[in-house]
Amino acid sequence: MDIEFKKEYPNLRDIVYPVYKHMESKGILAAYHGGFNQAVINMLLRQARLDMQKRNIERRVFKKTYSILVECLENILKHTVTTTEIQKDGIVVLSTDQTTIKIMVGNLIKKEEQEILEKKISYVNSLDQEALKKAHLERLLEGEISTKGGAGLGIIEIAMKSKNKIDCFFSDYCDNLVFFGLQTTISNT
Amino acid sequence: MEALRIEATESSPKITFDPSENFFEISGESRPEDVRKFYEPVLEWIHNFGASLSGQSKEIQFNFNFEYFNSSSAKYIMDIMSKIDDIQSENAGIKIQICWHYEEMDEDILEAGEEFQSITDIPFKFIPIPS
């Protein structure tokens, strides 16, 4: 059977190839945008494990990255607004360079949650490692498991394990929804 | 008392609590989809185990050998420690030790063990696993 080769593939040329080149130039190990459920999280974690092994990332750094990635992915699953149009939709990007690994995640939240999250992240960023340990212990002793299955420890653990400040970003998405982006950096040395 | 045996999955740990062998271990990765559903029966088993020890004298080691656990699991691990603490305080003849295993390069699992140690009266033994 003869295969007909077309000369023009606009989607491949204008979308797929630029995304591929962009990701490559930014050191992106893996990226995913779409629906989130437990099976997707398991798949992303399996792949992240393989990607990091392939790049010979030191086991200590790998374990830190893995545990922070779990908290980030579970936050998307637990806290993304679900509407008939948006079914727990989120984005995750894992990138690396010579000295760091970056985990970037994003999802939609309700507008009224923005201030609470901003305050929480700002508070966690104001704490040094000793104060973070203290806050973690207090939360562990006092906190209850929420109906969403969270213990309220995730953001504190991300800061404790990464030993870096958490970057966050909010952008109005539509009437009552806000895009919430979070970035954490892990030293690869 | 009947043993509690739960096989590991990709996201939940293996649990072997076997009174007849005097062997108690929880190991692997803990980030179950429904943390409450996974750990509530474990807490109930420990509670019943404590009641079954009334009047006995023995030494028991609980082995925690986690590769990783998420923050929601941490809350339940603390509840397990607390239940174990109750067993010791309510049974004069029972002497419990917690063996906390950790990969020697994994400072996060070690620190988590030290945090649990700080909130319980049970003696801890930290056991590094060569990486």
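**Exercise 1. Identify the residue of β5(A) that stands opposite A:Ser171, and describe how the two strands are joined.**

Step 1. A:Ser171 stands opposite A:Phe179 in β5(A).

Step 2. The model is predicted: local features need pLDDT of at least 70 and side-chain atom pairs pLDDT 80 or more, whereas totals for chains, interfaces and linings use all residues. Residues are numbered from 1 along each chain as its sequence is written, chains are lettered from A and ligands numbered from 1 in the order written, and side-chain values use heavy atoms, without hydrogens and water.

Step 3. Strand β4 (residues 167–174) and strand β5 (residues 177–187) of chain A run antiparallel and are joined by 7 bridges. Strands are DSSP runs of E, at least two residues, and helices are runs of H or I, at least four residues, numbered from the N terminus; two strands pair if DSSP finds at least two bridges between them.

Step 4. The two strands form a hairpin, with 2 residues between β4(A) and β5(A).

Step 5. Chain A has 6 helices and 5 strands, in the order α-β-α-α-β-β-α-α-α-β-β.

**Exercise 2. Characterise the interface of chain B and chain A by its contacts, buried area and salt bridges.**

Step 1. In contact across the interface are 26 residues of chain B and 36 residues of chain A.

Step 2. About 2,600 Å² is buried between the chains, and carbon and sulfur atoms give 47% of this area. On the chain B side, B:Arg31, B:Ser71 and B:Lys75 lose the most area to chain A, together 22% of what that side buries. Buried area is the accessible area (1.4 Å probe) that two parts lose on being put together, summed over both.

Step 3. The rule finds 10 salt bridges across this interface (a side-chain nitrogen of Lys or Arg within 4 Å of a carboxyl oxygen of Asp or Glu).

Step 4. The side chains of A:Lys64 and B:Asp108 form a salt bridge, at 3.0 Å from N to O.

Technical notes
Contact = heavy atoms within 4.5 Å.
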